[in-house]
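This briefing is meant for a reader who is meeting the structure for the first time. Please look over the sequence and the model before reading on.

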Amino acid sequence: PIEWENGQFSLKNEGQGIVIDQWNLPIPRPTRQEILSYEAEVLSIFQLKTLQKQYLEKLEFFINKKAQGKEYSSGLSCVSYINSTNLQWKAEATIFNTWRDDVWEYSIQEFDKLKNGLRTIPTIVEFLQELPPLTW
């Protein structure tokens with residue numbers, strides 16, 4: 001998992017099973033036969049990483065849309081006002097920053113449950129509905 005997360009190797013599903021897309025490790029690249037012998041394990045890791053990437057993209061979009069609802073261009077733009085001399089902007093940035101932290105903490109906690117088999121995979125809509133509400 002550490003090598004995967006650091007981009008030292010990647011996998012893809014070409015419809016005929018999982019294959020190595022990229023290999024930048026100081027150990028011999030496994031053969032196709034070796035990959036197939038571990039396919040069930042590799043497939044679950046691949047599916048989990050693919051799911052994580054999809055959900056992270058949707059979560060970033062969701063967070064930015066919340067900020068845009070208050071006329072900020074993005075979540076980062078909103079949070080950049082946290083030290084503003086304008087009290088309204090400062091308050092909005094502080095509230096948004098706290099909410100964003102809560103969203104990420106919850107998301108990480110729930111993804112850990114997925115990895116450990118302690119919860120089923122929700123749809124993205126179901127997951128977004130679980131997130132803490134933002135009250136400006």
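The second largest pocket has a volume of about 230 Å³, in a model that is predicted, where local features need pLDDT of at least 70, side-chain atom pairs count only at pLDDT 80 or more, and totals for chains, interfaces and linings use all residues. Residues are numbered from 1 along each chain as its sequence is written, and side-chain values use heavy atoms, with hydrogens and water left out.

**The pocket**
- A pocket is an open set of points on a 1 Å grid over the protein atoms alone, where a 1.4 Å probe fits, with protein on both sides within 12 Å along at least five of seven lines, and lining residues have an atom within 4 Å of a point.
- The lining of the second largest pocket holds 14 residues, and Q52, L56, S107, I108 and F111 lie nearest its centre.
- Two or more lining residues come from each of helix 3 (39-68) and helix 5 (87-115), and helix 5 gives the largest share, eight residues.

**Helix 5**
- Helices are DSSP runs (H or I, at least four residues), numbered from the N terminus.
- At 1.5 Å a residue, the 29 residues of helix 5 should span 42 Å, which agrees with its end C-alpha atoms being 42 Å apart; the expected span is 1.5 Å times one less than the number of residues.
- Helix 5 is followed by G117, whose phi is positive, near 70 degrees.

Notes:
Grid points are joined across faces, edges and corners, and a volume is the space filled by probe spheres set on the points.
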